[in-house]
Amino acid sequence: MPRTPTVGLDSFASADDCGLCHQGHYDEWATSAHAYAMKDPVFRAFVAIRQENYAGKQDKFCLQCHSPIGTRGGDIVAGFEFADLQPITLEGVTCESCHKVASLARPYNSGHVLDPDGPMRGTIAAPIPSSFHESQFSPLHGGSGFCAGCHDLREVSGLVLERPYAEWQQSPAAEIGVQCQDCHMPRYEGQAVPGGPTRTLHRHTWIGAGIPLLEGFLTEDEEAVHRVEVERLLADAARVDIAAPSSVVTGDTLELGITVKNNISAHNFPTGSTFNRQAWVEVVVRDGDGRVVFATGTLDASGEPHGPEPLLLGSVLVDARGQRVLFPWRAAEHLSNAIEPLRERALRLSVATASAGRGPLSVEARVLFRAFSPAALRALGLDEYAARLEVHEVSRDLASVELRRR
């Protein structure tokens, strides 16, 4: 980020102004992660700890994407307080954070070049002239590279933290021209402004894999709609399959094969800030009386997945001594076992059956996902939000194994 302001805060219109004409898009944006970017308590907690660690000298790092206008406009200074920021800064990724982008200087770390005096740019090929603002078609806004400007992230040290765009570049989706916007900004037919022509438009909700933790950001009805969309997005993300024999002798070891496939053609499962996200496989074996014979990936008293041989999907950050760390700026290495697009991950489990009563044995495997770890929230001093974390079932498979007596 530049050391001195490159644009003026007063050169940009508020989302509220845009909503006077573009009410539909405004309503979508207002419930989105872009509008939540500066309100998110998890983000604010990370910022506070980074401020403390670096005495404010790196305050622009996280804010460069979460509030591009505020950062470039000089509102983010060393040691800033959220309460002191201007309204346009607190809007986060607001309308003109995207629609005033003229070019992309780099596909990571807020690489967008803002042009406050330029037209409103977007994907409408033949915008109708308006007395409110000039409009211009921009092929940049319809491509995955546009999203890369913020969604791929590298630490100050150069350590790669988030890479959905880099994953996409090597993906089957990229090979056939499928862009980020095709899934995360679904098309529909409608009017960009009341009375305007019917066009192909894009949803501005940018559904991802999490429910906002901050109570009051969404109304109860909005949260219910958001949850449905998150579950729809996750429902096809991965598939789990069990390979089991038809029978096993009581007392012998039951050998299970568990395969997880990433059904997403565009990026890894999981993707994004995988060092914060949790994806894992839960396997539970019960006897004919319903008693648990074996379990792994179930939640312990602290709310974390545990058990023998748990299959955790995602990544961890480690320091120079190889110790796991929560904060990216303390990491020396980023280790990932996320599944690449349309690839599989196999796990073999050995289950002792001596404790089983009558048969048959029922085997249940589930792929589960959660946006954050409860332990991470507690480490950030956000214990009150742990109870709001939701575990989403991505996929489930069942198998039955007969018990044979010797």
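Me: Which residues of helix 4 meet helix 5?

Reply: Phe43, Val47, Arg50 and Gln51 in helix 4 meet Asp59, Phe61, Cys62, Leu63 and His66 in helix 5 (contact means heavy atoms within 4.5 Å; helices, H or I of at least four residues, and strands, E of at least two, are DSSP runs numbered from the N terminus). This is a predicted model, where local features need pLDDT of at least 70, side-chain atom pairs count only at pLDDT 80 or more, and totals for chains, interfaces and linings use all residues. Residues are numbered from 1 along each chain as its sequence is written, and side-chain values use heavy atoms, leaving out hydrogens and water.

Me: How do helix 4 and helix 5 pack?

Reply: Two packed helices are described by the angle between their axes and the distance between the axes. Here, helix 4 (residues 41-54) and helix 5 (residues 59-66) pack at about 155°, with axes 9 Å apart (axes are lines fitted to C-alpha atoms, for helices over the stretch in contact, and angles run from 0 to 180 degrees between N-to-C directions). That makes helix 4 roughly antiparallel to helix 5 (over 145 degrees; under 35 is roughly parallel, 65 to 115 roughly perpendicular, the rest oblique).

Me: What about strands: in which order do the 3 strands of the open sheet lie?

Reply: Two strands pair if DSSP finds at least two bridges between them. In this open sheet the order is 9-11-20, with antiparallel pairing. Strand 9 (238-243) and strand 20 (344-352) are the edges, each pairing on one side only.
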